[in-house]
Protein chains: 2
Amino acid sequence: MYSDLQLTEDRPVYIQVKDYMKRLMLKGGLQAKQKLPSTRELSTLMKVSRSTVLLAYAELEEEGLIYAVKGKGNYVSSTIEAPEPTTGWQLNWNNRISDYAIQAEQYDLMKHGSGAERGEISFTSIAPDEKLFDLHNVKRAFLDRMSLEGEVLLNYGYAQGYRPLMNYLLRYMENKGVDLSGKDILITNGFTEAFDLVLGALRKQSGKALCENPTHHTAIKNLKLHEFQLTGVDMEPDGLNLQQLERELAASPYDLAYLVPSYHNPTGTVTSPAKRAEIIRLMNQYEVPIIEDGFNEELRYSGSHVSPLIASAGKGNGLVYLGSFSKVLFPGLRVGWVIADAALIDYLESMKRARSIHTSTLDQSLLYQYLSNGNFEKYLKRARTEYKRKYELVVRCLRKHLPMCQISGEGGLHLFVQFPPEYRTRELLAACKVKGVTFTPGDTFYLEQGQGLNTMRLGFSRVSDENIRKGIRIIGETAAQMN
Amino acid sequence: MYSDLQLTEDRPVYIQVKDYMKRLMLKGGLQAKQKLPSTRELSTLMKVSRSTVLLAYAELEEEGLIYAVKGKGNYVSSTIEAPEPTTGWQLNWNNRISDYAIQAEQYDLMKHGSGAERGEISFTSIAPDEKLFDLHNVKRAFLDRMSLEGEVLLNYGYAQGYRPLMNYLLRYMENKGVDLSGKDILITNGFTEAFDLVLGALRKQSGKALCENPTHHTAIKNLKLHEFQLTGVDMEPDGLNLQQLERELAASPYDLAYLVPSYHNPTGTVTSPAKRAEIIRLMNQYEVPIIEDGFNEELRYSGSHVSPLIASAGKGNGLVYLGSFSKVLFPGLRVGWVIADAALIDYLESMKRARSIHTSTLDQSLLYQYLSNGNFEKYLKRARTEYKRKYELVVRCLRKHLPMCQISGEGGLHLFVQFPPEYRTRELLAACKVKGVTFTPGDTFYLEQGQGLNTMRLGFSRVSDENIRKGIRIIGETAAQMN
């Protein structure tokens with residue numbers, strides 16, 4: 001006892017001594033009313049200074065765990081009771097799990113998907129490249145804001161969001177052409193919470209939802225977890241197949257449509273202006289609200305300027321816009337936003353309060369200060385240049401090594417690759433993994449089994465130039481050997 | 001046009017010029033193919049430097065919004081289409097809101113409760129006093145961590161949590177006597193998300209939940225939003241009425257019990273060791289898992305050391321512990337945690353991923369660094385000393401001005417006051433508000449209408465000594481006049 005204290009570097013020594021003694025008491029190694037070693041003895045046994053032991057004992061006394069008897073020494077409090085060494089209380093949790101939780105586990109691609117292993121060349125991620133992060137400006141933004149109102153930032157904030165950031169984002173959306181009259185904003189923990197809140201706020205009437213097919217797999221998961229029955233509309237190079245869309249709308253009522261009009265995940269498609277206008281007309285006619293996912297809007301490499309769909313609807317209130325900087329700025333800061341009709345935002349705000357009180361004020365205020373220091377535009381320019389360069393490299397490599405494939409994507413952090421129909425990208429993936437290369441099989445993004453079997457998504461943002469060249473060469477060689 | 005540019009201080013001027021021009025184009029003030037003013041003209045009109053205009057035009061060109069014609073000037077891109085000035089798309093959102101969202105709004109006390117107004121002496125808050133925050137150490141923790149692994153912190157993290165913080169908190173709970181074998185941890189956006197996740201993960205069998213009566217009003221709200229039918233068990237000075245508890249358990253099966261064994265909200269009661277043991281025995285016998293809310297555990301002012309209930313259960317797995325530093329450290333950082341059986345945590349992790357991907361890595365890593373720099377213990381000592389002083393002041397004032405009342409509370413940031421049965425604290429509150437004093441009427445915390453009408457909760461953490469004296473004197477005088 002005592003001499004087995006193992007010190008770690010990440011906490012003050014006196015606290016480690018205190019915790020060691022506390023554990024002994026709570027686990028029965030020191031009994032109630034038992035006398036403790038003197039500070040001199042303990043300092044020798046533990047090989048720590050006597051003042052450290054004195055501090056530790058003072059803390060233990062403060063916590064009511066020990067008491068001093070003048071002239072005699074320190075004793076364990078009589079109120080310390082070691083727990084029963086074993087209790088019979090064993091619940092079988094597996095019988096007590098809700099269907100929702102079971103499904104959340106089943107649909108969890110981080111647990112059941114094909115993740116990347118260390119050392120692999122992985123095209124699975126569409127997270128930003130952290131080497132681009134301008135840490136200096138992030139630090140400055142933090143210190144600037146902390147100096148201005150540190151106490152406010154660390155105490156409770158408001159469910160709707162941190163007001164300066166809300167105002168900034170409202171103006172930001174206005175600059176994208178959004179008419180804000182009758183609309184309001186809610187700050188969320190990223191896109192995912194925003195989507196989850198909106199899905200939870202909508203009354204199920206038909207219980208049916210429309211989406212692009214393929215589409216963002218997390219969105220599919222969340223729509224299914226909210227028990228929506230999904231109808232997919234095929235993607236064409238300029239957006240949804242409108243004939244099919246109208247057929248589906250005419251055939252059955254829908255509670256909502258989830259759409260990614262710009263740099264669609266996974267196909268990278270940008271919906272054309274003509275199709276945008278027609279989509280809005282149809283959704284209006286059939287009274288189906290659109291949830292617009294604007295996650296990639298900032299990362300344009302070619303083609304003309306894109307506004308969000310919600311900008312095309314003017315004063316119309318049928319669109320719910322979900323924004324996020326996670327692909328552009330820092331995903332580790334969990335900040336997203338919803339722009340929608342003020343009546344809907346009012347309900348979402350109460351749901352947000354019931355579920356997580358509010359989004360981290362620190363994240364919100366740091367982001368606000370970073371943006372208003374003017375760093376965003378500079379960073380974006382640098383990031384866009386770099387990603388565009390990589391994007392063009394990927395396109396060149398694909399044309400060279402996979403000449404039989406169709407490529408799509410005009411922006412964002414990934415490209416979508418379609419092989420001739422007889423190819424099976426799951427088999428290709430298995431063969432590539434042996435050679436240390438991995439990507440996301442495209443069928444992951446389709447609604448029905450058996451769809452997209454000849455497709456793959458290549459995320460390139462975090463792959464080095466050398467590995468882009470090498471990885472795509474390996475995929476190409478492997479594909480050539482297979483067919 | 002142009003001369004009405006209004007500059008604000010929080011963004012670089014060239015970006016404000018760019019945004020001004022962008023808005024004009026998107027709103028139709030500048031039409032496709034229209035020629036823009038020369039940089040010299042615009043700089044005169046806007047009263048900004050010419051280099052600012054040059055920068056703004058370069059950005060607009062980069063975004064594809066304008067194009068330059070050599071020797072002629074700049075033109076608006078032909079792809080810019082102003083939206084329809086009005087669209088007929090008006091959905092009636094109120095018809096489309098789910099029952100869940102409607103209830104979340106109805107139960108939202110921030111919208112429908114009796115909030116405090118500016119200038120009032122308000123005893124409604126139980127948030128920490130931000131004057132105690134040691135901003136210097138928070139800044140240092142941030143800079144320390146950012147220097148070590150800033151890139152990692154700003155990119156995506158893991159749903160279960162930030163590993164160093166998880167390890168720290170596991171050790172922290174072990175030091176409270178918790179046996180971690182077979183258990184695991186999940187980091188959440190504070191207590192509220194933790195509670196919401198756990199409630200969502202539990203299969204409804206009877207659909208009934210037990211809790212203390214009165215209890216934390218946010219917990220009541222969340223239990224109701226999860227459609228649990230609530231049974232309350234009366235609070236006595238040393239915890240639950242055990243006869244009543246056993247009667248309820250024998251009469252009907254329950255899916256869960258929600259308990260606050262230490263510094264209960266609102267009564268401040270600490271459940272006695274004898275009652276703790278008996279509660280665990282009963283819950284084990286009737287197979288009812290306990291969700292333990294440990295929110296206030298660190299703020300002990302008198303009485304003996306308290307361990308969490310989960311420590312008394314040893315290796316037993318029937319307890320789900322929800323922890324938070326929001327009342328002790330910084331609520332603006334949204335960080336809480338769940339300690340429970342590893343099988344349950346596995347499901348909770350997938351739910352967390354589906355709902356918000358993960359908790360802010362910045363918040364988690366800042367908290368971790370702050371803790372492991374050894375700041376927590378020092379801060380806690382200072383905070384506890386200050387809160388204890390205020391707590392004793394409140395007790396003295398209550399004894400003096402409200403001698404007819406019973407007071408309870410041995411720790412935390414509030415006291416609970418029970419008037420003789422004939423008093424009505426809602427009426428007292430109305431009369432006090434006129435005099436600029438406000439508190440939380442105790443009936444807010446009771447399950448049934450008509451209960452706790454003669455009680456109030458006094459949060460004192462953010463009230464100055466002077467206002468504590470004045471506020472309680474006014475409450476006392478007003479009460480004396482009313483009865």
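Buried area is the accessible area (1.4 Å probe) that two parts lose on being put together, summed over both. By that count, chain B and chain A bury about 12,100 Å² between them, and 56% of this area lies on carbon and sulfur atoms.

## Basis of the model

This is a predicted model, in which local features need pLDDT of at least 70, side-chain atom pairs count only at pLDDT 80 or more, and totals for chains, interfaces and linings use all residues. Residues are numbered from 1 along each chain as its sequence is written, chains are lettered from A and ligands numbered from 1 in the order in which they are written, and side-chain values use heavy atoms, with hydrogens and water left out.

## Two copies and their interface

Two copies of a chain are related by a rotation about an axis and a shift along it. Here a rotation of 180 degrees, with 0.0 Å of shift along its axis, superposes chain B on chain A. The RMSD is 0.0 Å.

Contact means heavy atoms within 4.5 Å. On that basis, 137 residues of chain B touch 137 residues of chain A. Twelve salt bridges are counted between chain B and chain A. A salt bridge is a side-chain nitrogen of Lys or Arg within 4 Å of a carboxyl oxygen of Asp or Glu. One salt bridge pairs B:Asp99 with A:Arg203, with the closest N and O atoms 3.0 Å apart.

## Domains of chain A

The domain assignment of chain A gives domain 1 (13-76), domain 2 (115-128 + 383-482) and domain 3 (132-376). These bounds come from an automatic or database domain assignment. The centres of domain 2 and domain 3 of chain A, taken over C-alpha atoms, are 27 Å apart. Their contact takes 23 residues from domain 2 of chain A and 31 residues from domain 3 of chain A.

Domain 2 and domain 3 of chain A bury about 2,300 Å² between them, 63% of it on carbon and sulfur atoms. On the domain 2 side, A:Glu410, A:Phe445 and A:Leu447 lose the most area to domain 3 of chain A. Together they account for 31% of what that side buries. Zero salt bridges are counted between domain 2 and domain 3 of chain A.

## Salt bridges within the chains

Over all chains, a search of the whole structure finds 52 salt bridges. One joins A:Arg140 to A:Asp144, with the closest N and O atoms 3.8 Å apart. These two residues are four apart in helix α6 (residues 135-154) of chain A, so about one helical turn separates them. Helices (H or I, at least four residues) and strands (E, at least two) are DSSP runs, numbered from the N terminus. A:Arg140 is partly exposed at 36% relative accessible area, and A:Asp144 is partly exposed at 28%. Buried means under 20% relative accessible area, exposed over 50%, and partly exposed in between (1.4 Å probe, protein chains only).

A:Arg389 and A:Asp465 also meet in a salt bridge, at 2.7 Å from N to O. This pair links distant parts of the chain, 76 residues apart: A:Arg389 sits in helix α15 of chain A, and A:Asp465 in helix α17 (residues 465-482) of chain A. A:Arg389 is partly exposed, at 36% relative accessibility.

In chain B, B:Arg140 forms a salt bridge with B:Asp144, the closest N and O atoms being 3.8 Å apart. Both lie in helix α6 (residues 135-154) of chain B, four residues apart, about one turn of the helix. A network of salt bridges that share partners joins A:Lys18, A:Lys22, A:Glu59, A:Glu63 and B:Lys381.

Helix α7 of chain A (residues 163-174) has twelve residues, so at 1.5 Å a residue it should span 16 Å. Its end C-alpha atoms are 16 Å apart, which agrees. The expected span is 1.5 Å times one less than the number of residues. Buried in α7(A) are A:Leu165, A:Met166, A:Tyr168, A:Leu169, A:Leu170, A:Tyr172 and A:Met173. The buried residues of α7(A) pack against strands β4 (183-188), β10 (319-324) and β11 (336-341) of chain A. They also pack against helices α14 (361-372) and α15 (375-401) of chain A.

Technical notes: Copies are superposed by least squares on the C-alpha atoms of residues with pLDDT of at least 70 in both.
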